[in-house]
Every structure is written in structure tokens, then in C-alpha cells.
Amino acid sequence: MEQNVFTKQQFLQSKNLICSKDVINAVLKENKLYSKKEAEKIIKMYLEGTKKG
């Protein structure tokens, strides 16, 4: 089980970005903590949703 959680700012400053900074800014909330897996899932759902429209 993944225990590490990160803020939106930490994802934005990461050298191993899971996607573009614009997408991270659009989908992650400021005052919430996310595991890498959780953030990736939210981003994937967002990107799949925008591709269909």
C-alpha cells in the first residue's frame, strides 16, 4: 500500500512530472494531499474525458 502523499505544489515541482503542469493545475486541488497513484487516476480520468468531447 502506498503511504506517501503529496500536495499539488509538490507535483508541480517534481522533476518526474506525471503530466503537464497545466493539467495538474486544472485537476488537483490546492489544500488536498494525493498519493501518486491517486493523482495519476484523477489526471487519466480528466484526459480521457477531454478527448471524448
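**Close-up views of a predicted model**

**View 1. Glu48 and Lys44 in helix α3.** E48 and K44 are both located in helix α3, 4 residues apart, about one turn of the helix. The two residues form a salt bridge, and their closest N and O atoms are 3.9 Å apart. E48 counts as partly exposed because its relative accessibility is 36%. The model shown in this and the following views is predicted.

View 2. K36 is joined to E40 by a salt bridge, with 3.9 Å between the closest N and O atoms. K36 and E40 are 4 residues apart in helix α3, so about one helical turn separates them. K36 counts as partly exposed, at 36% relative accessibility. E40 is likewise partly exposed, with a relative accessible area of 34%.

**View 3. Glu30 and Lys8, a link between distant parts of the chain.** A salt bridge is formed between E30 and K8, whose closest N and O atoms lie 3.3 Å apart. This pair links distant parts of the chain, 22 residues apart: E30 is in the loop between α2 (21-27) and α3 (36-52), whereas K8 is in helix α1. Are the two partners buried or exposed, or does either fall in between? E30 counts as partly exposed, at 44% relative accessibility. K8 is buried, because its relative accessible area is 6%, under the 20% limit. In total, the structure has 4 salt bridges.

**View 4. The surroundings of Phe6.** F6 is placed in the segment that comes before α1 (8-13). Its relative accessibility of 29% makes F6 partly exposed. Which residues does F6 touch, when those up to four places away in sequence are not counted? The contacts of F6 are F11, K32, L33, Y34 and K36. F6 and K36 are 30 residues apart along the chain, and their C-alpha atoms are separated by 7.5 Å.

**View 5. The aromatic pair of Phe6 and Phe11.** The structure holds 1 aromatic pair. The ring centres of F6 and F11 are 5.7 Å apart and the planes stand at 70°, so the pair is edge-to-face. A pair of aromatic rings is described by the distance of the centres and the angle of the planes.

**View 6. The largest nonpolar core.** The largest nonpolar core has 10 residues in all: F11, L12, C19, V23, I24, V27, L28, Y34, A39 and I43. Two or more residues of this core are given by each of the elements α1, α2 and α3. Which element supplies the largest share of the core? The largest share, 3 residues, comes from α2. In soluble globular proteins, nonpolar side chains tend to be buried together.

**View 7. Ile24 and its contacts.** I24 is one of the residues of the largest nonpolar core. Leaving aside residues up to four places away in sequence, I24 touches K8, F11, L12, L17, C19 and I43.

Note on methods. Residues are numbered from 1 along each chain as its sequence is written. This is a predicted model: local features need pLDDT of at least 70, side-chain atom pairs count only at pLDDT 80 or more; totals for chains, interfaces and linings use all residues. Side-chain values use heavy atoms; hydrogens and water are left out. Buried means under 20% relative accessible area, exposed over 50%, partly exposed in between (1.4 Å probe, protein chains only). Contact means heavy atoms within 4.5 Å. Rings of Phe, Tyr and Trp (its six-membered ring) pair if their centres lie within 6.5 Å; planes under 30 degrees apart count as stacked, over 60 as edge-to-face and the rest as tilted. A salt bridge is a side-chain nitrogen of Lys or Arg within 4 Å of a carboxyl oxygen of Asp or Glu. A nonpolar core is a set of buried Ala, Val, Leu, Ile, Met, Phe, Trp, Tyr and Cys residues joined through side-chain atoms within 4.5 Å.
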